[in-house]
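Let us walk through this structure step by step. Keep the sequence and the model side by side as you read.

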Amino acid sequence: MEKPVIIGIGYTRIGEHWEKSLRELAVEAALMALDNAGVNRVDAIYVSNMMSGALQEQEHLGSLIATYLGLKGTPACKIEAACASGGMAIHQAFLAVASGYYDTVLVVGVEKMTDRLTSEVTFALAMAEDREYVVSTGATFVGLNALLYRLYLTKFNVDQKSIAKFPVIAHENALNAPHAQLKRKISVEDVLSSPIIADPIHLFECAPIGDGAAALVIASPKAAKESQKDTYIELAGSAAATDIMSLHERLDLLTLFASVKASQKAYKMAKVKPSDIDILEVHDAFSILAPIALEDLGFAKKGEGWKMIENMDVSLSGNLPTNTMGGLKARGHPVGATGIYQAVDAILQLKGEAGKNQVDNPTLALLQSTGGVGGTVVVNILKKR
Amino acid sequence: MKPLREVGIAGYGVYIPMYRIKAKEIARVWKRAGKLPIEEKSVVGLDEDSATMAVEAALNALKRARIDPSSIGAIRLGTESKPYAVKPTATIVAEAIGASPKVAAADLEFACKAGTEAMESCIALVASSMVRYALAIGVDTAQGRPRDELEYTAGCGAAAYIFSLKSSETLAYIEASLSYATDTPDFWRRPGEIYPQHAQRFTGAPAYFHHIISAAKMLMDELGLKPSDFKYAVFHQPNLKFPISVGLKLGFKKEQILPGIVANIIGNTYAASSLMGLASVLDKATSGDRILLVSYGSGAGSDAFSIVVQDAIEEKRNLAPLVSDYINRRKYINYSTYLYFRGKINM
Amino acid sequence: MSVPRYWRERKIKYRLIGGKCKTCGRSFYPPRKVCPYCSSREVEKILLPRKGKVLSYAIIHVPPKGFENYSPYVVAIVELENGARVLAQLTDIDENEVKIGLEVEAVFRKYSEQSPEGIIEYGIKFRPVLKHAA
């Protein structure tokens, strides 16, 4: 199988875009990616998004975006896997191009969250979980992650301060990321004194609500040559997995089995191991997901992921720079677009375009895109060629 | 009223919510001086209503009856605080306990005697062999108008009784009953009103006292019994004073009346009131004890029952929580929390 | 308003009816045609045990639509006596008194209302075990 390559990236700043609609954001990011790729048509369009129906009363995004890009005729559809929609869209594009059926695919992730009240957004986000038997109990998405957080702290006897350090590092990184939503320094005290959303999760441990769109043009090596790109970012590994959807039904609550399965397959495809990874993008919708991801993706033993945060191994100057542009917490988390933003941030690093946050000569990046509380995980591994 | 076949109680159960507010706390808010009608009353939590309380009381009765819930042929639920003005509470209970779908279920209303009305109905259904087991429930989450006299006593609770033909499995049987009803508007609520109205002192002699005394005397005359033939006398208890007073007027002694009084510490549980008193007596009675039970419902009427305890009480009593187990489970709240729990300050 | 959606699950929600896999022996809630653990289709409906203990809990301070009047409230993963796990609210307890390992029992309570004029949604919550002789 010839592995597809990413030949163009596009993205908007993440924030409260009062003046821009969902389609305008998507078009902005998509046109930037097409221009960056040097192409003006593609064989297919995948739009990754989670809540356009619930929050915008808009479905059929494939046709909508194709129309607004002036690309009528191009096959297009919405890809949805809750918060893993972005990673899943990349995976679907990988499959489409690797199969040989399509030569170029545009993947554009978009989410418009700020048109509705927080209680409505909270309700829509909870659609990532079982409506009948979980959401009906009043358990919010934050609440479910809080259940996981409390178990982790209790089982491994960890001080919450060590985990609260992750958002601090995230904010530090975002200071030099032009497209990041939150650009202010915070301390561990700030984090732990911020309002409690669902005990033990504090406000500053949660990714913010914001609007944004990011896009990639994924192509076969043959099509990439034709567009005359000299640095190729190869999709060296791409794998997805599900777990039992509801956290409480799983046998081992502290392992996101889908992360383990997807990453093991992705490593195998890319013929690399965890120690080969230079840049990591983890899905830190809540701070607790970071140490658990480090463990499940093979970078730390179970129960010891928090040490990599405490020791600053995950900082820009550490041995595994993670979420170098601020991750979900500070770069932002327009849900359906997040998986694409992770790719954008990793590619900026791989291409040497990360500015003040540039890590020294990275070659391999691993992206973890998580839906629900690990109900779906997609792992994509990017390799600089 | 004596049915053609004798009917007994196969199981009984109660439920009292855990929250309490002291009458003194209510008096503090309104700066009321003088003696208070009770010490404290029970208050439902935010997630409770007549349906939820009725379900727990019914499940407790099922534990004592030791029967499959699907064998309950009828449910009669008496209340004046239905969660739906139109939609029966009894069907919610039927589904929740597993008695649905082959069951005759309906709600009854007769102010504070809706619970004993439910019992009368169940006795008849069982005695006629229309059903094998019938479940009678009295339940209320009575609302007290702020500052009104009744705010001090309007409490919350549920009591459930499962009836069957008298047998060695029944823990008590009904000797006879008698109902006495007149059109006496002492306490009422028009549709759309949140709080009831009452005619103050008129609720005493011509209402509560007249109906209870009449029903009790008529029943005892019919059965040829006197107060000394009874071990216990349980009355509807809107406060501490009235049931003691009516009992003494009928010729009973304090030691016959006091064991059946719980209103002083949980308030007036309206349709559950006399049923709750009966349960607290059954919690301590022994085989052979005769109990007089007389309810009172505004509007107005009384149901009087003569009940005799059987052997099965000894092994059935501890199969479910006693009234005292629920009384001992309590958490005091202040007046503002009370307003919030009772839905008087909401988002 | 979505009456049928709530109505069809009522028996399961009112009585804590679960599924038990005849092949691997695990129990789960709600019941379903295929065992989530071993994929067997030999699943039977059972009445789940009413007692269990708290495995983990979270105190919700920012509630979703429909639960505004109740916050803060506690949601917990309860492991029932037969190993089945249920996600439910805890009730009749101060949120500061909840502990991992707390022994709890099932009770029938109100969860929410679809709207002030709409239907009431009931279900099972868990409370600290009531002390009594039985």
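Two residues are in contact if their C-beta atoms, placed from the backbone, lie within 7 Å. The model is a predicted one.

Start with chain B. Its two parts are domain 1 (7-171 + 330-335) and domain 2 (174-314). Their C-alpha centres are 16 Å apart. Where they meet, domain 1 of chain B brings 43 residues and domain 2 of chain B brings 40 residues. On the domain 1 side, at least two residues each come from strand S1 (7-15), strand S3 (40-43), helix H4 (114-127), strand S6 (133-141) and strand S7 (156-165) of chain B. H4(B) gives the most, with 6 residues. This side of domain 1 holds 20 nonpolar, 13 polar and 10 charged residues.

Now turn to the contact between chain C and chain B. Chain C contributes 21 residues, and chain B contributes 24 residues. Helix H2 (10-15), strand S7 (103-113) and strand S8 (120-128) of chain C each give at least two residues to the chain C side. That side splits into 9 nonpolar, 3 polar and 9 charged residues.

Finish inside chain A, with a pair of helices. Helix H1 (residues 22-37) and helix H3 (residues 61-68) of chain A pack at an angle of about 60°, and their axes are 10 Å apart. H1(A) is therefore oblique to H3(A). Their crossing is right-handed. From H1(A), Arg23(A), Ala26(A), Val27(A) and Ala30(A) take part; they meet Leu64(A), Ile65(A) and Tyr68(A) of H3(A). By class, this helix contact has 6 nonpolar residues, no polar residues and 1 charged residue.

Notes
Residues numbered from 1 in each chain as written. Chains lettered and ligands numbered in written order. Predicted model: local features only at pLDDT ≥ 70, side-chain atom pairs only at ≥ 80, totals over all residues. Helix = DSSP H or I, 4+ residues; strand = E, 2+ residues; numbered from the N terminus. Nonpolar A, V, L, I, M, F, W, Y, C, P; charged D, E, K, R; others polar. Domains from an automatic or database assignment. Axes fitted to C-alpha atoms, helices over the stretch in contact; angles between N-to-C directions. Parallel < 35°, antiparallel > 145°, perpendicular 65-115°, else oblique. Left-handed = near helix turned anticlockwise from the far one by under 90°.
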